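Subject: Structure handover

Hello,

Please find the structure below. My notes on it follow.

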Amino acid sequence: MENGKIYVIGLGPGGRAQMTERAVRALEKCGCIAGYGLYLELIAGLIEGKERIETGMTREIDRCKAARDAALSGKTVALVSSGDAGVYGMAGPLLEVSAGYEIDIEIIPGITAACSGGALLGSPLTCDFACVSLSGLLTPWEVIERRLRGAAAGDFAIALYNPASKKRTDALPRACAILLETLPPETVCGLVRSIGREGESRALTTLGELAAQPCDMLTTVFIGNSATRVIDGWMVTPRGYRGV
């Protein structure tokens with residue numbers, strides 16, 4: 001029996017309207033869909049009747065191994081992630097657990113939270129930017145601190161992923177305190193929540209006020225660089241074109 005295939009698919013931030021046509025076509029080819037429960041529900045209409053491999057948070061490796069084993073049994077499998085599968089997603093872990101196995105793997109990119117959230121706010125990432133996750137589950141906090149200080153010192157615009165959870169409520173205030181060592185409190189910031197989903201929202205604030213803003217795992221935070229400003233209610237980091 002020949003091995004099957006795994007499509008590692010970035011779903012973008014929400015449902016069908018946020019997905020690429022390539023991602024939709026790949027899902028159609030798959031009889032087995034592996035993913036976190038919330039993400040599977042976002043595409044429920046596209047995967048009706050298909051076999052599901054569903055695991056919760058912190059069981060990502062189990063999910064990848066289950067997808068690998070399903071492909072080894074001859075199935076065509078979709079392993080899905082929100083956003084892009086290569087940005088805090090399942091592409092890396094899947095490639096690691098599949099090393100040495102003869103499996104056809106195709107990685108299909110998706111719209112990241114940095115891009116889709118930035119579009120809601122305006123254009124906060126027009127120039128050089130850094131993405132930093134505030135989740136300490138896989139990255140020691142001292143490493144996160146070093147990356148935050150480096151991004152601030154380099155005057156990067158910053159997109160913060162995973163700013164809070166039910167158990168981890170102090171990550172964003174701690175990050176703000178670190179950034180305020182270098183950046184002025186009036187630095188323009190923005191928050192977006194539930195991008196592309198019911199309850200989608202956006203808000204503008206400053207770094208000095210950011211720590212007090214409500215956020216959770218569905219929130220992405222944007223911190224401007226020294227040139228970022230608010231233009232007609234939009235968060236804009238100028239590219240630097242002459243004449244503007």
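Strands (E, at least two residues) and helices (H or I, at least four residues) are DSSP runs, numbered from the N terminus; two strands pair if DSSP finds at least two bridges between them. This is a predicted model, in which local features need pLDDT of at least 70 and side-chain atom pairs count only at pLDDT 80 or more, while totals for chains, interfaces and linings use all residues. Residues are numbered from 1 along each chain as its sequence is written, and side-chain values use heavy atoms, with hydrogens and water left out.

The sheet

Leu-191 stands opposite Val-221 in E11. Strand E9 (residues 188-193) pairs with strand E11 (residues 219-223) through five bridges, in the antiparallel sense. Both belong to an open sheet of five strands with mixed pairing, in the order E7-E8-E11-E9-E10. At the edges are E7 (129-133) and E10 (201-206); each has a single partner strand, so one side of each has no neighbour in the sheet.

Helix H5 (residues 113-121) packs on this sheet and touches E7, E8 (157-161), E9, E10 and E11 (contact means heavy atoms within 4.5 Å).

Thr-55

Thr-55 is in strand E3 (residues 51-55). Is this residue buried or exposed? Thr-55 is buried, at 8% relative accessible area (buried means under 20%, exposed over 50%, partly exposed in between, with a 1.4 Å probe and protein chains only). Beyond its neighbours within four places in sequence, Thr-55 is in contact with Gly-35, Tyr-36, Gly-37 and Arg-63. A polar atom of the Thr-55 side chain lies 3.4 Å from the backbone oxygen of Arg-59.

Regards

Notes:
Axes fitted to C-alpha atoms, helices over the stretch in contact; angles between N-to-C directions. Polar contact = N/O pair within 3.5 Å; in protein donor to acceptor, adjacent residues only side chain to side chain.
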